[in-house]
Amino acid sequence: MERTPLQSILLYLAIITTAGIILFPIYWLFITALASTDELSSLPPTFIPRDPDWAIFSRVLTERPIFLWLFNSTIVALGSVILSMIVSVLAGYGLSRFRVRGGQSLGLFILTAKMLPATLLVIPLFAVFRNIGMIGSLWTVIIAHSTLIIPFTTWMLKGYFDTIPRELEQAAMVDGCGPMAAMMRVVLPISTPGLAATALYAFVLSWADYAYARTFLQGAQTNWTANMGIASMRGEYTTDWNEISAAAVFVATPIMLIYLFLERYLVGGLTAGAEK
Amino acid sequence: MAKKLGLDLARPSQQHLLGYILLAPAVLLVAAIIIYPLIISVDLSLQNVKMPRIGAARKPVTLGNYEKLFTSPEFWMACWVTLKLVVTVTLGSLIAGISTALLVNNKFRGRKIARVAMALPWAVPEVIAVVIFAWIFDSSFGFMSWLFIKLGLTDQMIKWISTPGAAFWALSITMIWKGFPFVSIMTLAGLQSIPADFYAAAKVDGASAVQRFRWITLPLLMPILGVTLVLVTLWVFRDFSIIKVLTGGGPLKSTQTLSIMTYDQAFGFFKFGYASAVGVITLIICVIASMLMLGRSPKTL
C-alpha cells in the first residue's frame, strides 16, 4: 500500500507515542531503582536521575536474599518444565498418532483448566499437602505448576507432532524399531524446535506464579520464590522504593530477555489452541 | 531395536492400547492434582469446617455455607466488584490490544522491533507489574497524581490506593497494561492469517480502506477475537496476584473480587468450608459465562 509522506510521518508518530506510553512503566522501574532518595521524594518526579546510583543493585543483593529467591524460582520452574514435558510429550504423541477415545475433548479440557480459579484449587491442595506433611516443600509448587501446565503443553506438542509425517516412523518400524523406539529416535530428535518452544512457554508460566507459591511456602522463608520475596518487600505503611525496584529489576530482567530474544517461540505457544 | 514385550504393541490391532498407555501419566496427574481436589472442594463447601483434616470424621452435609453466602452482603458486593472489573479490564484490553495490533500490522521500517516492544508487558511477571504501578500510583510522590495535576484534572495528590473509587481505577489500569499485549498478540496472529488476495480483490472492486476493514478484516478476525474475549474475561475473573499485592482487596473491600474473597476466607479467616462455597460459585459463574460467550462464536476451540 502506498503512503503519502504525511501519512508516513503520522504513522511513525502514532507508533512512537504508543510505544512510549506502553514502555514508560518499565523505564520508570529502572529510574526508580537508580534515583536518589531525595529525587524520589520530590515533585515534579525525576525523569532522568542526575547521579544514577548503580550501587543500589549490589546493595540490595547483600540486604535481601535475592539470589536465593531467584534460585528457588529457577528450581521450581525447571522442575515444572521437566515434569510437564515428560508427561506431555507422551500424551501429545499418543493423541497425535493413535485414535484415543475422548481425545477430541482435549480442547474443551484446556478451556476448563483455564476456568479453574487458582484460589479455589489451592484450598483442597493445601489441605492435602498439609496432611501428608509436604507444606513448605518446593515439590508442592512443582507438582501443582506442572499439572496446570500439562493441558497447554500437551496441546502444543500434539499440534507439533501432527506436522511430522507418519511415514518417518513407519519406515523406522519397517526397519525393526518398536513404536516407542521410533518415537524416541526418529520423532523427538526432529521435533527439537517444537519441544524448545513448549518448554520455554512452560518455564514462563511457572516463573510468573504467585498464588500457589504463596499458599504452600509462606511459612518456609528459605524456600520463597522471587515473586514472594518481592511481594514481601512491599510494606503495609512504608516501602523502600529504591530497594524494591532494584530487586524487581533482578526478577523481571531474565524473563524480559527470554521474551526479547525468543519472542517468536513464545507467541507460538500463546496462540496455539486458539486458532485451530 | 526395542525388545518385544509379551504385549506386541507394534501390531496394529493393539496399537490403540499404546495410545492409552501414553496418555496414562497425564490423566493420572490431572486426576490427582485437579479432579480430586475439586471433589474435595465441593465436599468441603457442604460441611461446616474451619481447617480440614483428612481422615477426621466427616461433618454432616449441610447447605449452611451456601445459605450464609447468598444472604451475605459481602458476597454480592464481591460479585458486583468482579463484574465491574471484568467489564472494565476486558474492554480496556480489547481496545488497546486491537488498536496496537492494527497499528503495527502496517508495513514500516522497524516493525519487528515495534511489535516486540508493544507486547513487552506480557513478559513482566504480575507481581513486578504491581511494584511498578504501586509506585506510579503512590499517594505522596506518585507520577500519576503529578500528571493529573499537570493536566488540570485535580489540584492535589490523589490517594489512589487508599480511596475506594480511585483504587478500582488504579487496579484496572494496572491490569489493562498487563493484559492488553495478549489481545494484541492474538489479533496480530489473526490478521496475518487473512490472505492478502482478499484485500487485493476488494481493491479491484473499488472498496475503500474503511470498507475493507468492515467487510474483510473484522469478520475474519471475529473467531479469534471471540476466543480472546473469553480468555481475557477468565483471566480477570481468576486473577489473584495483581489484586492481592496491589490493594489486598481493599480499601473497604472495594476491590475484593470473588477470587480474593475465596482466598481470604480460607487463609485469612480459616473458614475453609465457607471459602470453598465461594470458590465453587465462582467456578460455576466462570463456566456459565464462557459457555454463553463461546456459544456466540461457535467452532472456536
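What percentage of the 301 residues in chain B is made up of buried residues? In this predicted model, buried residues account for 43% of the 301 residues in chain B.

A look at the architecture of chain B comes next. Along the principal axes, the C-alpha atoms of chain B fill a box of roughly 70 × 70 × 40 Å. Of the contacts in chain B between residues at least 6 apart in sequence, 65% join residues at least 24 apart.

Chain B also meets a partner. Here 82 residues of chain A are in contact with 82 residues of chain B. On the side of chain A that touches chain B, helix H13 (residues 241-271) of chain A provides the largest share, with 14 residues. That side of chain A consists of 59 nonpolar, 18 polar and 5 charged residues.

One pair of helices shows how the two chains come together. Helix H7 (residues 138-162) of chain A packs with helix H1 (residues 15-45) of chain B at an angle of about 130°, and their axes are 10 Å apart. This angle makes H7(A) oblique to H1(B), and their crossing is left-handed. On H7(A), the contact is made by Ile143(A), Ala144(A), Thr147(A), Ile150(A) and Thr154(A), and on H1(B) by Ala26(B), Leu29(B), Val30(B), Ile33(B) and Ile34(B). These residues divide into 8 nonpolar and 2 polar, with no charged residue.

Notes: Residues are numbered from 1 along each chain as its sequence is written. Chains are lettered from A and ligands numbered from 1 in the order in which they are written. This is a predicted model: local features need pLDDT of at least 70, side-chain atom pairs count only at pLDDT 80 or more; totals for chains, interfaces and linings use all residues. Two residues are in contact if their C-beta atoms, placed from the backbone, lie within 7 Å. Helices (H or I, at least four residues) and strands (E, at least two) are DSSP runs, numbered from the N terminus. Ala, Val, Leu, Ile, Met, Phe, Trp, Tyr, Cys and Pro count as nonpolar, Asp, Glu, Lys and Arg as charged, and the others, Gly among them, as polar. A residue is buried if 20 or more other C-beta atoms lie within 10 Å of its own, exposed if 12 or fewer, and partly exposed in between; C-beta atoms are placed from the backbone. Axes are lines fitted to C-alpha atoms, for helices over the stretch in contact, and angles run from 0 to 180 degrees between N-to-C directions. Angles under 35 degrees count as roughly parallel, over 145 as roughly antiparallel, 65 to 115 as roughly perpendicular and the rest as oblique. A crossing is left-handed if the near helix is turned anticlockwise from the far one by less than a right angle, and right-handed if clockwise.
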